[in-house]
Amino acid sequence: MGLVKVHQRIENACEKAGRDRDGVKLVAVSKVQPIERVVAVLQEGHRIFGENRVQEAAGKWPELRERFDGIELHLIGPLQTNKARQAMELFDVIESVDRPKLARTLARLMDETGNCPPLYIQVNTGEEPQKAGIAPQETDAFVAECRELGLPIVGLMCIPPADEAPSLHFALLAKIAARNGLEKLSMGMSGDFESAIAQGATSVRVGSAVFGDRVYS
Ligand SMILES: *Cc1c(COP(=O)(O)O)cnc(C)c1O
């Protein structure tokens with residue numbers, strides 16, 4: 001447990017996969033974590049974080065940005081269109097673009113403000129009805145649609161089904177990204193990030209292995 005240990009595991013996984021350590025970014029997922037734990041990880045020098053709710057991030061990160069330089073904040077949870085403007089102001093990367101309506105809203109705001117953070121498209125590789133993400137067979141068309149809107153799509157993101165071997169889902173995501181000319185792959189969490197690195201992850205989203213178990217109150 002802890003930042004140092006996770007870095008070690010990432011390094012080992014890169015070595016095993018014959019990959020350069022610099023090719024894998026650690027996004028420390030701080031959702032729900034007590035603020036002291038987040039501050040402790042910032043004090044250890046880590047700067048890349050992920051949050052899955054706009055509201056929660058808005059209550060936490062503007063203040064932390066005043067205390068610590070160089071923070072890079074990723075939105076990794078579903079985004080409602082009525083929170084898109086706030087999300088574009090708050091986050092440095094949005095990893096959860098998952099439907100045409102959201103893409104059109106982001107494009108409109110980009111045209112209005114002249115800014116848009118780098119975006120990932122979330123793919124529902126397991127085609128789970130309760131999970132966000134575009135279906136695998138619709139992803140090529142959606143990437144094309146986003147590009148036509150001028151959106152800065154840099155990669156794909158997925159959350160595999162809890163009860164299936166994640167490596168098949170990681171491999172599928174890598175294949176869809178490759179055929180669409182997308183370089184970034186956000187995949188792998190505390191339980192499976194080594195497997196994601198073996199399949200080409202360029203960033204892993206790790207929460208509990210960095211901070212400890214989430215305490216929901
Ligand atoms: C919570 C969350 C994670 C981190 O999960 P852990 O199992 O704690 O590492 C990663 N990705 C997303 C999208 C999440 O919501």
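## Before we start

This is a predicted model, in which local features need pLDDT of at least 70, side-chain atom pairs count only at pLDDT 80 or more, and totals for chains, interfaces and linings use all residues. Residues are numbered from 1 along each chain as its sequence is written, and side-chain values use heavy atoms, with hydrogens and water left out.

Helices (H or I, at least four residues) and strands (E, at least two) are DSSP runs, numbered from the N terminus. Buried means under 20% relative accessible area, exposed means over 50%, and partly exposed lies in between (1.4 Å probe, protein chains only).

## Helix 7 and its surroundings

Let us look at helix 7 itself. Helix 7 covers residues 136-148, 13 residues in all, and spans 19 Å from its first C-alpha to its last, close to the 18 Å expected at 1.5 Å a residue. That expected span is 1.5 Å times one less than the number of residues.

Pro136, Thr139, Phe142, Val143 and Cys146 are the buried residues of helix 7. An α-helix has 3.6 residues a turn, so residues three or four places apart point the same way.

## Helix 6

Helix 6 has 14 residues and reaches 20 Å between its first and last C-alpha, close to the 20 Å expected at 1.5 Å a residue. Its buried residues are Leu102, Ala103, Thr105, Leu106, Ala107, Leu109 and Met110. They pack against helix 5 (84-90), strand 4, strand 5 and helix 7. Just after helix 6 comes Gly114, with a positive phi of about 80°.

## Loop residues to look for

Most residues other than glycine have a negative phi, and most peptide bonds are trans. Val32 has a positive phi near 65°. You will find Val32 in the loop between strand 1 (25-29) and helix 2 (35-43), and it counts as partly exposed because its relative accessibility is 26%.

Glu127 also has a positive phi, near 50°, and sits in the loop between strand 5 and helix 7. With 46% relative accessibility, Glu127 counts as partly exposed. Ala135 is placed in the loop between strand 5 and helix 7 too, but Ala135 counts as buried because its relative accessibility is 16%. Ala135 and Asn124 are eleven residues apart in sequence, and their C-alpha atoms are 5.3 Å apart in space.

## An aromatic pair

Rings of Phe, Tyr and Trp (its six-membered ring) pair if their centres lie within 6.5 Å; planes under 30 degrees apart count as stacked, over 60 as edge-to-face and the rest as tilted. By this rule there is one aromatic pair. Its partners are Phe49 and Trp61, which form a tilted pair at 4.8 Å centre to centre with 40° between the planes. Phe49 lies in strand 2 (residues 48-51) and Trp61 in helix 4 (residues 61-67), so the pair ties together parts that are twelve residues apart in sequence. Both Phe49 and Trp61 are buried.

## Two pockets

On a 1 Å grid over the protein atoms alone, a pocket is an open set of points where a 1.4 Å probe fits, with protein on both sides within 12 Å along at least five of seven lines; lining residues have an atom within 4 Å of a point. The largest pocket is lined by 18 residues, of which Lys31, Asn52, Ile76, Ile159 and Met189 lie nearest its centre.

The lining of the second largest pocket includes Asp22, Lys25, His74, Tyr120 and Ser203.

## Ser203 in strand 8

Ser203 belongs to strand 8 (residues 203-206). Ser203 is buried, with a relative accessible area of 2%. Leaving aside neighbours within four places in sequence, Ser203 is in contact (heavy atoms within 4.5 Å) with Lys25, Val27, Tyr120, Leu185, Ser186 and Met187.
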